[in-house]
Amino acid sequence: MKSLLLICVISLTLLNCNTAIEKTHKNKDNQYFLPPAITYNYATIDSVKLFYRASGDKKNPAIVLLHGYPSSSHSYRHLIPMLSSHYYVIAPDNLGSGYSTHLNPETTQYTFDLLANYTQKLLEHLNIDNYVMYMQDFGAPVGYRMMLDNPNKIEALIVQNANAYLDGLTPNRQAFFRKAQTDKSKEEHDFLYSLTSKEAIINKQYLFDLDSNNINTQSPDAWIHDLAFLNSEKDRNIQVQLFKDYNTNLLSYPTWQNILKKEQPKTLIVWGKKDLKFNANGAKAYLKDLPNAELHLLDAGHFAAEEKTREIATHILHFLDKNGIK
């Protein structure tokens, strides 16, 4: 009898011990941040392939990340896992950028209308009906065209160094875009083509507005990746055509502003205040039409998502939670 009693005591002790160990492991697991995996995908749209990165549960609200020049969805390689535990995150490469098809610019005229049209078709292909839209640089002219066509699809806007107001462009910068559109000379084409060179991408884009104190915040992975897709004359001329089309965006700013004023989308503005090309006045100008927008000026430049990824992710998560998008 005593032996049986001893066996029972030992068994209960071991059982309680194992239960305690399992609880300890579970508690420790809850302390870890383990984001969902990112998948790398292609969708065939009208005989071209559009590449996109995706992560998170499709049942969650969707966030669409629209990239700028001269980059691709690679811009968001760090931001995606910070958001995808709570949201379904999609980051496409524009037609002619990154891993998406690069149609020959001798037979295809690249415009922002074209980019927006393909991006909208991609979202339709993926059955993404409503989404939060994140825009940076070229992402604004793509995103606002999509918003004009389907304003009800936009649950919220996240604006990161994405102009919709002349306030964000110096007079010289405005003149640059006008000249790019109107000057058809070979000299102007050659000048625009030079802006797609290795030296220009590194020093006039990524490092342009960084000082010596924060230059190590910009990963060389960014420009090395971009330059891999700007190796050929064809690829560089795609971007030249978009430079030539960019002034159509400035002419469209009043239309974009009207849709913002009319729709009053929930809007978060996270803007690198050291950006010299799209300056912080462009961020503040949004408040004229969106007085309830949330504005944060960050200690960063044009590529704030590269420099201040955690800070931007924190602002996004707080903003969406506060506005009931979860």
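Q: How do α3 and α4 cross, left-handed or right-handed?
A: α3 passes α4 in a right-handed crossing. A crossing is right-handed if the near helix is turned clockwise from the far one by less than a right angle, and left-handed if anticlockwise. The model is predicted: local features need pLDDT of at least 70, side-chain atom pairs count only at pLDDT 80 or more, and totals for chains, interfaces and linings use all residues. Residues are numbered from 1 along each chain as its sequence is written, and side-chain values use heavy atoms, with hydrogens and water left out.

Q: What makes up the contact between α3 and α4?
A: Contact means heavy atoms within 4.5 Å. On α3 the residues include Phe-112, Asp-113 and Ala-116. On α4 they are Pro-141, Val-142, Arg-145 and Met-146. The axes of α3 (residues 112-125) and α4 come within 9 Å and cross at roughly 65°.

Q: Why is Arg-145 called buried?
A: Buried means under 20% relative accessible area, exposed over 50%, partly exposed in between (1.4 Å probe, protein chains only). Arg-145 has 11%, so it is buried. Its place is in α4 (residues 139-149).

Q: What makes the link between Arg-145 and Asp-113 a polar contact?
A: The term needs a pair of N or O atoms within 3.5 Å; within protein, one must be able to donate a hydrogen and the other to accept it, and residues adjacent in sequence count only if both atoms are side-chain atoms. The side chains of Arg-145 and Asp-113 are joined at 2.7 Å.

Q: Why does Asn-258 count as exposed?
A: Its relative accessibility is 52%, so Asn-258 counts as exposed. Asn-258 sits in α10 (residues 247-263).

Q: What is the phi of Asp-137, and where does Asp-137 lie?
A: Asp-137 has a positive phi of about 55° and is not a glycine. Most residues other than glycine have a negative phi. Asp-137 lies in the loop between β5 (131-135) and α4. With a relative accessible area of 6%, Asp-137 is buried.

Notes:
Helix = DSSP H or I, 4+ residues; strand = E, 2+ residues; numbered from the N terminus. Axes fitted to C-alpha atoms, helices over the stretch in contact; angles between N-to-C directions.
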